[in-house]
Amino acid sequence: MQHNEPTAGTVTGAAAPPSSDSADESHRYLMFSLGAELYACSLTQVREVIKVASIKPVPYMVPHFKGVINLRGKIIGVVDLSQKLNLKGPQGQRLILVTETTQGLLGVIVDDVASVEEILPEQIAKDAAAESKIAPQFFEGIGKLKDRLVHIVRLADIVADEDYRVA
Amino acid sequence: MSNEMIELQKIFLEEAQDLLVKAEEGIMAFDAGDHSENRINDIFRVAHSFKGSAKSVGFNDLSAFSHKFEDLLSRLKSRSLEITPAVTAILFKGLDTLKEFVAGLTADTAFTMDVMSILAEIADILEGRPASDPHAAATQPHTSGGSSSHVEGLHLFEEEGLPGRSRRPASKTVPESTASPQSDAIRVATSKLDALLNTVGELVVNYNMLMEHRALGTVSSEHAMHTMGYTLSIVKELQDHATSLRMVPVKPLVQKLQRAVRDVSTHLSRPVQFDVIGDHVELEKTVLEKMTDPLTHIVRNAVDHGIEPPEQRAAAHKDGLAIVRLEIQQRDDQVEIVVEDDGGGLDRDKILAKAIKQGLVKPERAEALADSEVFALLFLPGFSTKAEVTEISGRGVGLDVVKRAIEELKGSITVSSTLGKGSRFKILLPQSFSIVAGMVVLIEGRRYIVPVSQLEEALEYRHYQSETVTGVGRVVNVRGTVMPVYSLSEILHKKLGPRSLSSAATSHSPNDRRTGLITAHEGRKVSFEVDEILGQQQVVLKKLGREMEDLPGVTAGAILANGEPGLVLDLVDLARRKQPHAA
């Protein structure tokens, strides 16, 4: 995961989590909230985290596809995940997680980003049934942190799995 | 099979394509009469190379066939085989078999082919038995469509007693009968080129913005001004070099077309001379690839449907040797490709009759249609029925497919014709440069880019007479031409949710200071309404993500001068969607 440099007029660096030794990255998870629920996804799926700024709407796309942004010269699409999943809740410091999907780079707006935590495989319950708006096939499992549980999801797959164009 | 072997096979198959092109060039020249040692050696070397490399990557069947082909050439090389039309025919057949084999292997490395019959034919020839293939006997020396500037072929024509025409050399087609030099080239992944072009593009755009500072006088040091000016010329040169990287010679395509003409003219026994002008032109790689099938179809059509059978030509006192001419020319930022024939031309009445029968035209409208509109009917899907798709111009390609392919490249195709004299297909293709001059426009407070090349004119609606016509909508009269008015805010923003306004609010406010962008599509003008034109800006076209593919009217993204992301509109696409062909 990288720190991003400021670009003219649009997006500036957010508080990026401390850089990690790549050998450990597979166990590091980014905590973020959607609506009132806390989620986590593997750090390997998040290219960078940036502030929400200057999103240009694109016609003929579904409402939760908010538009495009300028990511250091590249134009990438941005999806509001809470809106996509219909999760209502307090909106904190809205940020965009840039993720690489099978379709290319995509930005995902989440309601808040908390921290990066290390979750070892033994701390993840894979078969636990979870009540969540997110479909089971995108679930990695339930992670047990010191004081709470988080739904661990495959962020890149969730957002790649939709045709955002209005029929 | 190891990964390494798979990689090697891939590389072999790629290089095989180049070898096959070389081989075809050689065999075409051989067919046109060049039986020199150099020429035969060239072809032999290709077969030899093929045999060896195919074997080394495990394509044993292909290698075995190449071996037989090589035997044939080896006999020709040692002059121990008489050169007859049957031999030339088998060379072509062998080449086609190799092509098919390679194509099959490219799709599936386990591909095999039954080559028994052609092996038998080769064996016959090598052992001096009369050709067992009826087609070889039918290959008459006078039906050759090879490059016209080969003077050696002239003798054959005169011997056959064809009236009049001597083969006029086409100005720039000079075949090489000496061994072609090994090209000093390197394969580069197109993604690398794209990345490079993108970066160079950004450099140019940003540098231009910097130069504006110089123009505005905000740069104080004269030395700095001078250096900036000099750097600009370097940047421009870099841009030229970068753009040229994706340009490839059109020659292989021309060769394919020559072959196509030759095949059809031989098959139908119609003597055709194929003139080519401009085979030194270079086209952008994707454009060349996408134009191969359409042009092949048009050229085959010219011989099949355009050129009349010899008896008909004689009866019309036309030269027995028909001409099909291909012209490729570069004009500004466009490439013009013309395919012309001196055949029978298009029969307006016949076309109309067919169109009416297919339900494409209402009988009462027939008389009102101009010739150009009648000829345009040829490009409608459904014009040619399946029953007519012959072996010659068939294979599922119709003129409608051709037109679509050309339009996908943002080009255009028109046809003109004189009954009895011939027809002319003209194709215009934009050279796709990734930097375009863009007009920045404001629509409902949002900035968009419209390519300047799509703009015929910009005007303020209040200066012209507008009205609403029932059943049609708003129209405006611009110096005598009445054209529809489409609101871009309606077209784009009505799909954007909460911010969209009702059509009543966006359109007819009196004292309308709105601006109209006029674009032409299929000869008709259309105007699109925007709030304001803010200015011009050079932009680098950015590909939009796959999730945004095929959006109506939006084909690319760009970065605006203030760093904002912007969308580049395609007015021609929108015009087409608003006005599908009406007849």
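**How many bridges pair β14(B) with strand β15 (residues 524-530) of chain B, and in which sense?** The answer is seven bridges, in the antiparallel sense. Here, strands are DSSP runs of E with at least two residues, helices are DSSP runs of H or I with at least four, and both are numbered from the N terminus. Two strands pair if DSSP finds at least two bridges between them.

**Before you look further.** This is a predicted model, where local features need pLDDT of at least 70 and side-chain atom pairs count only at pLDDT 80 or more, while totals for chains, interfaces and linings use all residues. Residues are numbered from 1 along each chain as its sequence is written, chains are lettered from A and ligands numbered from 1 in the order in which they are written, and side-chain values use heavy atoms, leaving out hydrogens and water.

View 1. Strand β14 covers residues 515-521 of chain B, and six of its seven residues are buried, so the rest of the structure largely encloses it. Buried means under 20% relative accessible area, exposed means over 50%, and partly exposed is in between (1.4 Å probe, protein chains only). Look for B:His521, whose bridge partner in β15(B) is B:Arg524. β14(B) also pairs with strand β10 (residues 457-460) of chain B, in the antiparallel sense and over four bridges. In that pairing, B:Leu517 of β14(B) has B:Ala458 standing opposite.

**View 2. Chain B as a whole, then B:Asp42.** Zoom out for a moment: chain B has 18 helices and 18 strands, and 47% of its 583 residues count as buried. Now zoom in on helix α2 (residues 37-56) of chain B, where you'll find B:Asp42. B:Asp42 is buried, with a relative accessible area of 13%.

**View 3. An open sheet in chain A.** Six strands of chain A line up in the order β8-β1-β2-β11-β10-β9, with mixed pairing. At the edges are β8 (112-118) and β9 (124-125), each with a single partner strand, so each has one side without a neighbour in the sheet. Further in, β10 (residues 139-144) and β11 (residues 149-153) of chain A pair in the antiparallel sense over five bridges. One pair to spot is A:Ile142 with its bridge partner A:His151 in β11(A).

**View 4. Where chain A meets chain B.** Here 22 residues of chain A are in contact (heavy atoms within 4.5 Å) with 28 residues of chain B. The area buried between the two chains is about 2200 Å², and carbon and sulfur atoms give 64% of it. Buried area is the accessible area (1.4 Å probe) that two parts lose on being put together, summed over both. On the chain A side, A:Lys56, A:Tyr60 and A:Ile75 lose the most area to chain B, together 35% of what that side buries.

**View 5. The salt bridge between the chains.** The count between chain A and chain B is one salt bridge, and it joins the side chains of A:Lys56 and B:Glu564 (3.1 Å, N to O). The term means a side-chain nitrogen of Lys or Arg within 4 Å of a carboxyl oxygen of Asp or Glu. As for strands, β4 (65-71) and β5 (74-80) of chain A each supply at least two residues of the side that touches chain B. The largest share of that side, four residues, comes from β4(A).
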